[in-house]
Amino acid sequence: MRINLTSVFVDDQPKALDFYTRVLGFEKKTDVPAGEFRWLTVVSPEAPDGVELLLEPDEHPAARPFKQALVADGIPFTSFAVDDVNAEHARLVAAGVEFTQPPTAMGPVTTAVFDDTCGNLIQIASMAG
């Protein structure tokens with residue numbers, strides 16, 4: 001058993017695709033019409049056949065209140081691994097990304113949290129060398 005797909009609820013798929021590809025650096029993997037929305041996934045360019053992230057519309061009645069509650073409490077929806085949180089933080093700030101938590105060392109891991117512009121807080125994390 002292995003993880004092949006996970007999702008993040010987004011309020012606007014085209015905006016999410018732009019942010020997750022142009023700003024974060026993921027690559028579009030799948031884009032298939034699915035009713036009024038799309039089955040839209042992105043992958044890491046470092047693992048194009050790896051885990052896919054579904055940019056899932058937050059249309060379910062529970063999705064938006066769930067997202068809003070997480071954001072209100074400062075809780076990230078998911079976490080992405082990076083080689084160097086400080087370098088990635090600097091790159092993303094230069095690209096206009098807003099962080100709710102700057103790089104913070106927590107024992108062997110350093111984390112930072114940003115707003116994905118689609119209603120979520122996302123954590124980036126790296127392990128100490």
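This is a dialogue on how to read a predicted model of a protein.

Student: Where do I start, and how many helices and strands does the protein have?

Tutor: Start with the fold, remembering that the model is predicted. The protein has 3 helices and 8 strands. Read from the N terminus, the order is β-α-β-β-β-α-β-α-β-β-β. The radius of gyration is 15 Å, close to the 14 Å that the globule rule gives for 129 residues, so the protein is as compact as a globular protein of that length. Along the principal axes, the C-alpha atoms fill a box of roughly 45 × 35 × 35 Å.

Student: What percentage of the residues is buried, and what share of the accessible surface belongs to carbon and sulfur atoms?

Tutor: Of the 129 residues, 36% are buried. The accessible surface is about 7,500 Å², and carbon and sulfur atoms account for 56% of that.

Student: Next, aromatic rings. How many aromatic pairs does the structure hold?

Tutor: The structure holds 8 aromatic pairs. To read one, take the distance between ring centres and then the angle between planes; over 60 degrees counts as edge-to-face. Phe9 and Phe77 are 6.0 Å apart centre to centre with 65 degrees between the planes, and the pair is edge-to-face. Phe9 belongs to strand 1 (residues 5–10) and Phe77 to the loop between helix 2 (63–72) and strand 5 (78–81), so to speak of sequence, they are 68 residues apart and the pair links distant parts of the chain. Phe77 is partly exposed, at a relative accessible area of 23%.

Student: What is the geometry of the pair Phe26 and Phe80?

Tutor: Their ring centres lie 5.3 Å apart and their planes stand at 75 degrees, so this pair is edge-to-face. It too links distant parts of the chain, 54 residues apart: Phe26 sits in the loop between helix 1 (13–23) and strand 2 (27–34), and Phe80 in strand 5. Both Phe26 and Phe80 are buried.

Student: Which residues do ring pairs link into a cluster?

Tutor: The cluster consists of Phe19, Tyr20, Phe26, Phe80, Phe99 and Phe114.

Student: How do I read a contact list, for example that of Phe37?

Tutor: Set aside neighbours within four places in sequence and see what remains; for Phe37 that is Gln13, Val32, Pro57 and Glu59. Phe37 lies in strand 3 (residues 37–43) and is partly exposed, with a relative accessible area of 27%. Its C-alpha is 8.8 Å from that of Glu56, 19 residues away in sequence.

Student: Is Pro57 buried or exposed, and what does Pro57 touch?

Tutor: Pro57, in strand 4 (residues 52–57), counts as buried at 18% relative accessibility, the cut-off being under 20%. Beyond residues up to four places away, Pro57 touches Phe9, Val10, Gln13 and Phe37. Gln68 is 11 residues from Pro57 in sequence, with 15 Å between the C-alpha atoms.

Student: Where is Asn120 found, and which residues are in contact with Asn120?

Tutor: Asn120 is in the loop between strand 7 and strand 8, and counts as buried at 2% relative accessibility. Leaving aside neighbours within four places in sequence, the contacts of Asn120 are Val8, Phe9, Lys67, Val71, Phe77, Phe114 and Asp115. That list includes Phe9 and Phe77, the edge-to-face pair discussed above. Asn120 and Ile75, 45 residues apart in sequence, have their C-alpha atoms 8.9 Å apart.

Student: Last, the backbone. What is phi of Thr117?

Tutor: Most residues other than glycine have a negative phi. Phi of Thr117 is near 70 degrees, a positive value. Thr117 is in the loop between strand 7 (109–115) and strand 8 (121–127), and is partly exposed, with a relative accessible area of 36%.

Technical notes
Residues numbered from 1 in each chain as written. Predicted model: local features only at pLDDT ≥ 70, side-chain atom pairs only at ≥ 80, totals over all residues. Heavy atoms only, no water. Helix = DSSP H or I, 4+ residues; strand = E, 2+ residues; numbered from the N terminus. Rg over C-alpha atoms; globule rule 2.2 N^0.38 Å. Buried < 20%, exposed > 50% of the residue type's maximum accessible area, 1.4 Å probe, protein only. Areas by Shrake-Rupley, 256 points an atom, 1.4 Å probe, with all protein chains shown as cover. Phe/Tyr/Trp six-rings, centres within 6.5 Å; stacked < 30°, edge-to-face > 60°. Contact = heavy atoms within 4.5 Å.
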